Amino acid sequence: MASSPFFIVAIDGGAASGKSSSSRTLSERFNLLHVDTGSFYRAITAEMLRRGVTASDLAAVQAALIEMRLGTRIAGRSAQMEIGGRVAGEEIRSREVNDHVSHFAAIPAVRTALLAYQRGQAEVARAHGFRGLVMEGRDIGSVIFPDAAFRFFLHANPAERARRRASEGQQDSIAERDRLDSSRKTAPLACPPGAVLIDTTHRTLAEVVEQMAAPIAARLAAA
Ligand code: CDP
Ligand code: CDP
């Protein structure tokens, strides 16, 4: 098992479907680097807002992207995006970022700027001695790592997802973000062919994690 090859787990789904919680648990269980790509889109959005750039001004968005120097810092088992050497703080979870992030994420230039950066996280994981990578987002199993060894798509009904967000004390219009994420032209949120679809609505986090961990453990045991 110790000599098993480096592998990638891709987890996609709408807001509050359970991506982050399950990714964190899998990262601990299998010694994987945890990469929350939503935090990357959020950090870029916070930086755009800080610069006074709006998503409707495509020229300004492109100019800002060229100026942003992206790096990665490892904190525990997680990758954090540095912009100009700085890691954004809690402002990436603010109401303002919640309201704007899907608009910036729908811009093809933003997605292109992040494509190589996200794929490069596999090298970051290798360089730091992780056995693999668990990356969560909206297009990981479809666009970023379509050949990932394990691809999951999490789903939960809208009422349950709104309840989960509210119980975290977050102000977040997740229905509107889902609408924007699912209807955009570039890399829309959808379960890609071949991914394992898991409905988390009536299931505990532990049950969901078990369903994901079982095939990973089986593959590693056979390697
Ligand atoms: O945590 P939650 O699921 O609410 O959202 P997130 O993962 O932090 O992602 C915030 C937003 O970033 C999403 O609503 C998408 O608009 C965008 N996103 C994306 O377009 N592609 C990704 N791979 C990850 C996030
Ligand atoms: O990353 P994403 O926005 O998809 O969801 P999350 O942050 O992992 O989960 C949102 C909330 O739902 C957290 O408080 C989880 O503990 C909770 N959750 C749950 O109650 N049942 C599940 N099966 C999965 C998550």
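Select arginine 111 and aspartate 139, whose side chains meet in a salt bridge with 2.9 Å from N to O. A salt bridge is a side-chain nitrogen of Lys or Arg within 4 Å of a carboxyl oxygen of Asp or Glu. This pair links distant parts of the chain, 28 residues apart: arginine 111 lies in helix α5, and aspartate 139 in the loop between β6 (132-137) and α7 (140-144). Helices (H or I, at least four residues) and strands (E, at least two) are DSSP runs, numbered from the N terminus. Arginine 111 and aspartate 139 are both buried. Buried means under 20% relative accessible area, exposed over 50%, and partly exposed in between, with a 1.4 Å probe and protein chains only.

Before the next stop, note that this is a predicted model, in which local features need pLDDT of at least 70 and side-chain atom pairs count only at pLDDT 80 or more, while totals for chains, interfaces and linings use all residues. Residues are numbered from 1 along each chain as its sequence is written, chains are lettered from A and ligands numbered from 1 in the order in which they are written, and side-chain values use heavy atoms, with hydrogens and water left out.

**Further salt bridges**

The structure holds 17 salt bridges. Side chains of opposite charge can pair when their charged atoms come close.

Select aspartate 36 and arginine 93 next; their side chains form a salt bridge of 3.5 Å, N to O. The two residues are 57 residues apart, with aspartate 36 in strand β2 (residues 32-36) and arginine 93 in the loop between β5 (86-87) and α4. Aspartate 36 is buried at a relative accessible area of 14%, whereas arginine 93 is partly exposed at 31%.

Now select glutamate 67 and arginine 51. The closest N and O atoms of this salt bridge are 2.7 Å apart. Glutamate 67 lies in helix α3 and arginine 51 in the loop between α2 and α3, so the pair ties together parts that are 16 residues apart in sequence. Glutamate 67 counts as exposed, with 55% relative accessibility, and arginine 51 is partly exposed, with a relative accessible area of 33%.

**Helix α3**

Stay with α3 and select residues 58-67. Which residues of this helix are buried? They are Val61, Ala64 and Leu65. These residues lie on the same side of α3 because they cover an arc of only 100° around the axis; the arc is that of the directions from the helix axis to the C-beta atoms. An α-helix has 3.6 residues a turn, so residues three or four places apart point the same way. Turn the view to the face away from the buried side, which carries the exposed residues Ala59, Ile66 and Glu67. The cover over the buried residues of α3 includes α2 (37-50), α4 (95-105) and α5 (108-119).

**Ligand 1**

Select ligand 1, which is surrounded by 20 residues, the closest being Arg42, Arg111, Arg165, Arg177 and Asp181. A residue is near a molecule if one of its heavy atoms lies within 4 Å of it. An oxygen atom of ligand 1 is 2.6 Å from an N or O atom in the side chain of aspartate 181, and an oxygen atom of ligand 1 is 2.9 Å from an N or O atom in the side chain of lysine 19. A nitrogen atom of ligand 1 is 3.0 Å from an N or O atom in the side chain of threonine 37. Taken alone, ligand 1 exposes 530 Å², and the protein buries 98% of that.

Next, select arginine 177 in helix α9 (residues 174-183). This arginine 177 is buried, with a relative accessible area of 6%. Among the residues that arginine 177 touches are Arg42, Arg138, Arg165 and Asp172, not counting residues up to four places away in sequence. Contact means heavy atoms within 4.5 Å.

**Ligand 2**

Finally, select ligand 2. Which of the 17 residues around ligand 2 come nearest? They are Ala16, Lys19, Ser20, Ser21 and Arg203. An oxygen atom of ligand 2 is 2.8 Å from a polar backbone atom of serine 20. Arginine 165 is in helix α8 (residues 158-167) and is buried, with a relative accessible area of 16%.

Definitions and conventions: Polar contact = N/O pair within 3.5 Å; in protein donor to acceptor, adjacent residues only side chain to side chain. Areas by Shrake-Rupley, 256 points an atom, 1.4 Å probe, with all protein chains shown as cover.
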